Amino acid sequence: MADNQSSDMEVEGYENAILPSSSGSKLPRLRVLSLFDGIGTGYYSLLQLGFDVEVIYASEIDKDALMLTKYHFSGNIKQLGSVTEITTEMLDKIAPINLLFGGSPCADLSGVNYRKKGLFNPDGSGILFFDFYRVWNYLSVKAARENTPFYWLFENVASMEIKNRDTISKFFEYQPIIFDSLHFSPQRRRRYFWSNFPGIKQLAYSREMDDYEMIDSKLEDYLEKNLDRQANVVKIGTITSKRSCLQDSRSRNPVCQDGQCTGLFITEIEAIFGLPPHFTDIGDLSISSRQKLLGRAWSVQVIKELLSLLSSEFAKK
Ligand SMILES: C[S@@+](CC[C@H](N)C(=O)[O-])C[C@H]1O[C@@H](n2cnc3c(N)ncnc32)[C@H](O)[C@@H]1O
């Protein structure tokens, strides 16, 4: 960990107690650890839902993502550096943590990557799951021993091989549920979530029962109105880190403007992810850098739906 980051951890003397909410609520305030934090969609969702976050720590190494979260959250997020460098001493120092979440890099697990390295290859990124597991294991045992609440959520792509899904489930001793952002937005984005949030199984089940086409969220609702852009399709596939990801096999773009087929503006993609326009427009980030950050991100609509399951467990402002 860099020196300037370690100082973050020394700023406060963390009492091993969960303080009552400033709003007077008897419920505990959230003490969060966000691994693989990316552009901070987890924290953004918590704030949108009105949770009273006492403190949030994060692990992230991408400098564009770090710049973006620093900009938006005015340095509220205390960065711990690489997840591989998080030690039990660091965890003892930041404890108690009552919410741990993260989605490790999926490139080496995703079914669409024919050269994926899988879960165990030390040269790949799939193996970072075990760092989440290491932190999860330490914090969950500690919380059980100290009788403090501990909620957690681990996310990854639903296109991973079944053997990898089953290995992850074995480690957590939990089965995942699948959520697709298609339920809340025009984008298909199927993801596994392993979690102990109360009511998560029922929520997933009720969502599966929905008819996609019944949900009032069509691509055309997300297009720039002033430019008279029209949607060629009602729903789109998964948005990835590549600008070309939404061209279909016939190289047809999802939007028409002035008689030409074209791709989505980056601000339209931000809206599809549930983010405000220009959320990723920080410093001099290029369009392709912004697409890279968004292509790896959580869909805010989905994460909000999941985090709202904690509404009766933790204080709100
Ligand atoms: C699938 S993305 C998660 C994105 C995040 N959920 C969001 O909504 O933006 C995985 C993230 O893990 C980060 N990452 C990769 N290696 C890491 C490491 N050693 N420690 C911490 N984060 C890492 C990547 O930079 C990337 O932002």
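**Ground rules.** I'm working with a prediction, so local features need pLDDT of at least 70, side-chain atom pairs count only at pLDDT 80 or more, and totals for chains, interfaces and linings use all residues. Numbering starts from 1 along each chain as its sequence is written, and side-chain values use heavy atoms, with hydrogens and water left out.

**Overall.** I looked up the secondary structure and got ten helices and ten strands (DSSP runs: H or I of at least four residues, E of at least two, numbered from the N terminus). Of the 317 residues, 51% are buried (under 20% relative accessible area, 1.4 Å probe, protein chains only).

The largest pocket comes out at about 1400 Å³. A pocket here is an open set of points on a 1 Å grid over the protein atoms alone, where a 1.4 Å probe fits, with protein on both sides within 12 Å along at least five of seven lines; lining residues have an atom within 4 Å of a point. The volume is the space filled by probe spheres set on the points, joined across faces, edges and corners. I find 50 lining residues, with Cys 106, Ala 107, Ser 241, Gly 295 and Arg 296 closest to the centre. Elements giving two or more residues include strand 1 (30–35), helix 2 (41–48) and helix 9 (287–295).

**Helix 2.** I then checked helix 2, where six of the eight residues are buried, among them Tyr 43 and Tyr 44. Just after this helix, Gly 50 has a positive phi of about 85°.

Note on methods. Buried means under 20% relative accessible area, exposed over 50%, partly exposed in between (1.4 Å probe, protein chains only).
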